[in-house]
Amino acid sequence: MSDGVLQRAMGLLRAFTEDDPQLTASELAARSGLALSTVHRLIAMMLAEGMLARTTGHRYAVGARLWEIGELSPLAAQLRETALPHMVRLYEATGENVHLAVLDDPTPAAASAIFVGRITGRSSVPTISRSGGRHPLHATGVGKALLATRDDVWLDDYLSAPLELETRLSITDPERLRADIERARSRGYATTREEMTLGNFSVAAALGALPGLPPAAIGIVAHLGEALDERRLAPLVMQTAKDLTRAVRHPDSH
């Protein structure tokens, strides 16, 4: 594909969302801003390459070839695959949702947390996260743990942009959030309380620096009424972060 074709193809792929994983050609055209005739030509090319797949009702979805290629990313092959047994142990110890996320920061103002792994069970509290999902840094436990790894200049840029109110309890005041980040740095873990989803709290810790990978964090999301509170969860999460950091840095020793 030429650069122009590649950009237009990416425009079609970006049209798909968690809420709309299947779209018609007309919907793809409307969301991408491309002419319908151009969209039809792109769809034919992308179907042939496995980048798109046909579904029911003249709709299209992201193709299996993209998933196959995505699994070659270091986020999957190096980080997530190494993390899975550690995440399972943390889940078995708590029975709660376990999340693994990395920092995506094209610029600090546009930075967010991408969830690269998730373990949950039938008794776990419902959450809106999913593997591959993108969530705000300021309202999630893993997001705050990632913010705690950034320097003051980076944070100044991040806090210069307005922060969205995810729930009525989200911390959007820059000085309050900065103080919360400082607490996370001093104690080694971050927390949220009903800041992304009402009724839930989270505890998360950042991993150490990992060669060739973006900053990463692991955390737990539980219901506020659970007996397993922050005082018990925090040591478990911090130890898992340390163990996982060691495992990623020294894969041959495990």
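This is a predicted model: local features need pLDDT of at least 70, side-chain atom pairs count only at pLDDT 80 or more; totals for chains, interfaces and linings use all residues.
Trainee: Over how many bridges do E1 and strand E3 pair, and in which sense?

Mentor: E1 and strand E3, residues 59–62, pair over 2 bridges in the antiparallel sense.

Trainee: In what order do the strands of this open sheet stand?

Mentor: The sheet has 3 strands, in the order E1-E3-E2, and the pairing is antiparallel. Strand E1 (23–24) and strand E2 (52–54) are at the edges with a single partner strand each, so one side of each has no neighbour in the sheet.

Trainee: Which helix lies across E2 and E3?

Mentor: That is helix H3, residues 36–48, which runs at about 95 degrees to E2.

Trainee: How should I read the buried residues of a helix such as H2?

Mentor: List them, then look down the axis. In helix H2 (residues 25–32) the buried residues are Ala25, Leu28 and Ala29. Viewed along the axis of H2, they fall within an arc of 100 degrees, so they line one face of the helix. After H2 comes Gly33, with a positive phi near 80 degrees.

Trainee: What tends to happen to nonpolar side chains in soluble globular proteins?

Mentor: In such proteins, nonpolar side chains tend to be buried together. In this model, the largest nonpolar core has 27 residues, and Leu79, Leu100, Leu207 and Ile218 have the most contacts inside it. Two or more residues each come from helix H5 (74–94), strands E4 (97–104), E5 (112–119), E8 (200–206) and E9 (216–223), and helix H9 (230–249). H9 gives the largest share, 6 residues. Another core, of 23 residues, lies apart from this one and includes Leu137, Leu147, Trp154 and Ala190.

Trainee: Which residues does Leu207 touch, not counting those up to four places away in sequence?

Mentor: Leu207 touches Leu79, Ala216, Ala217, Ile218, Ala241, Leu244 and Thr245.

Trainee: Is Thr240 buried or exposed?

Mentor: Compare its relative accessible area with the cut-off: buried means under 20%. Thr240 has 9%, so Thr240 is buried. The residue is found in helix H9.

Trainee: What does the side chain of Thr240 reach?

Mentor: It reaches the backbone oxygen of Leu236, at 2.8 Å. Leaving aside neighbours within four places in sequence, Thr240 is also in contact with His86, Leu90 and Ile218. Ile218 is among the residues with the most contacts inside the largest nonpolar core.

Definitions and conventions
Residues are numbered from 1 along each chain as its sequence is written. Side-chain values use heavy atoms; hydrogens and water are left out. Two strands pair if DSSP finds at least two bridges between them. Helices (H or I, at least four residues) and strands (E, at least two) are DSSP runs, numbered from the N terminus. Contact means heavy atoms within 4.5 Å. Axes are lines fitted to C-alpha atoms, for helices over the stretch in contact, and angles run from 0 to 180 degrees between N-to-C directions. A nonpolar core is a set of buried Ala, Val, Leu, Ile, Met, Phe, Trp, Tyr and Cys residues joined through side-chain atoms within 4.5 Å. Buried means under 20% relative accessible area, exposed over 50%, partly exposed in between (1.4 Å probe, protein chains only). A polar contact is a pair of N or O atoms within 3.5 Å; within protein, one must be able to donate a hydrogen and the other to accept it, and residues adjacent in sequence count only if both atoms are side-chain atoms. The arc is that of the directions from the helix axis to the C-beta atoms.
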